Amino acid sequence: GPSGSAVVDLDDIELGSAAPATKMPSRRYTTLYFINATDLKNDKAQETERRRMEIVNSIQQCWTAFMSLTFVSIFAFVLEQELTTSRIFCAHLPDVPCDFTIVANSSHEIYGALVFFEVVFTLSTVLSSLAIVRAYYLHHLIDTTIGNLMPAGSSFFGDLSAINPQFLRCLVEAGMVLVHIPPGVFQTFSMTDMFDTTITYSVRVVNVIVFFRCAFLAYFINSRSPFKRSTGHIATVLYGKPSPLTPLKKIISDSPVSVLFTAFMATLSIFAYFVTVFERPGVNRSSYPSTILEYKHIYNQAWWYIWTTMTTIGYGDWYPLTPLGRVSAVLASLCGLVLTAILISAIMNVFQPDSSEQKLLRGLSKMKRRKERKNIAAEFLLAFWRCRKGKISRAVYAGFYSKWHQFRTSNDDLNYVFDAE
């Protein structure tokens with residue numbers, strides 16, 4: 001409301017100092033009134049709303065910082081992988097990745113840049129975990145200090161008798177984000193491909209899980225939901241509490257094709273890079289079949305392979321060689337099925353007429369059918385008089401009558417001047 005005013009409910013205030021407390025009979029008939037704050041006994045409600053908005057803005061800042069740090073972590077991981085496995089930085093063989101034991105050597109020419117990106121990745125990961133903890137703590141403040149929804153004496157960190165579920169959820173999510181390989185760890189592990197050839201990976205490939213932090217984008221969208229603002233907060237009180245997916249559904253409904261196409265391309269890019277990371281380390285594959293993803297063309301082939309997999313085309317012209325590459329392909333196919341179905345449904349809804357267009361099309365159809373009814377009625381009347389004059393037989397007349405009767409019964413809505421709505 002305007003400055004110096006507050007939004008109050010007639011269910012919660014007394015109508016005048018001398019009059020007894022008056023309750024509305026039902027929330028269905030509750031009316032919101034803008035009353036000057038000085039008319040209330042105190043300005044506690046106004047101060048509570050101001051405090052709530054401050055906490056909501058702080059939560060938005062936490063999730064904004066988290067998403068920014070996530071993009072920094074992804075950028076650092078990609079550069080680290082390109083330094084350790086890309087043939088651009090390797091001079092010994094054009095078609096075989098770098099030897100990880102050479103990269104781990106402190107005298108190697110790229111060792112300094114590699115450690116720098118590892119430190120950046122670790123710092124952004126730790127700060128991202130702290131941002132999650134602070135966001136959950138601020139949510140706890142809204143529940144306790146503002147909303148007074150938690151039991152008396154409960155704390156965010158719980159106690160020995162009862163563990164706060166919100167704290168457990170915070171602990172799990174912050175711990176998932178914090179999982180990574182710290183700087184300076186260059187151990188390797190090996191796996192065998194479908195041709196029983198040993199493929200060596202750096203243990204730092206585990207940091208590829210940083211891409212799964214993009215799932216926290218739903219929290220970022222929810223923190224910027226219009227239901228967090230004053231007007232939206234009142235709407236939740238009057239019309240019901242929204243689900244966690246309501247803000248995301250609103251964004252998709254506002255611009256479905258662009259949002260879903262962006263999500264599809266982002267998912268394609270992530271899984272294509274997964275295949276690139278998992279298929280690139282290994283041995284010279286010049287003796288392998290042509291359907292194997294080649295090292296020197298891994299980027300183009302991975303994009304094309306994931307595109308055909310997510311769209312369920314599956315040409316089979318290329319396929320992954322390693323177990324991790326195949327796991328990425330399975331996940332890409334599952335995500336592709338969901339996103340492709342939703343995208344096709346959204347595109348079809350774009351071409352569906354809205355309510356005004358449907359009313360227009362119904363009106364046009366009625367005008368055409370009324371014109372057709374006029375012509376059929378004229379033919380029927382002409383046939384009636386020609387039958388009376390003996391120019392046509394009664395069987396021919398019966399055909400015109402049947403046509404008129406069938407049209408009249410199947411178009412009964414033409415007898416009404418206005419539409420049903």
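View 1. Helices (H or I, at least four residues) and strands (E, at least two) are DSSP runs numbered from the N terminus. This is a predicted model, in which local features need pLDDT of at least 70 and side-chain atom pairs count only at pLDDT 80 or more, while totals for chains, interfaces and linings use all residues. Residues are numbered from 1 along each chain as its sequence is written, and side-chain values use heavy atoms, with hydrogens and water left out.

**View 2. M310 and its surroundings.** Not counting residues up to four places away in sequence, M310 touches F264, T267, L268, A332, G336, L337, L339 and T340, where contact means heavy atoms within 4.5 Å.

**View 3. Helix 9 against helix 10.** These two helices pack at an angle of about 50 degrees with their axes 7 Å apart, the axes being lines fitted to C-alpha atoms, for helices over the stretch in contact, and the angles running from 0 to 180 degrees between N-to-C directions. Helix 9 and helix 10 are therefore oblique to each other, since angles under 35 degrees count as roughly parallel, over 145 as roughly antiparallel, 65 to 115 as roughly perpendicular and the rest as oblique. Helix 9 contributes Y305, I306, T309 and M310 to the contact, and helix 10 contributes A329, A332, S333, G336, L337, L339 and T340.

**View 4. The loop between helix 9 and helix 10.** Y315 is found in this loop and counts as exposed, at 56% relative accessibility. Not counting residues up to four places away in sequence, Y315 touches W304 and T308, and its C-alpha atom is separated by 8.5 Å from that of Y305, 10 residues apart along the chain. T312 also has its place in the loop between helix 9 and helix 10, and T312 is exposed, with a relative accessible area of 52%. Although T312 is not a glycine, it has a positive phi of about 60 degrees. Most residues other than glycine have a negative phi.

**View 5. Helix 7 against helix 8.** Helix 7 (residues 246-254) and helix 8 pack at an angle of about 110 degrees, with their axes 5 Å apart, and that makes helix 7 roughly perpendicular to helix 8. The contact involves I251, I252, S253 and D254 of helix 7, together with P256, V259 and L260 of helix 8.

View 6. Strand 3 (residues 188-192) pairs with strand 4 in the antiparallel sense over 5 bridges, two strands being paired if DSSP finds at least two bridges between them. T192 stands opposite T198 in strand 4. The hairpin has 5 residues between its strands, and D196 in the turn has a positive phi of about 60 degrees.

Key. Buried < 20%, exposed > 50% of the residue type's maximum accessible area, 1.4 Å probe, protein only.
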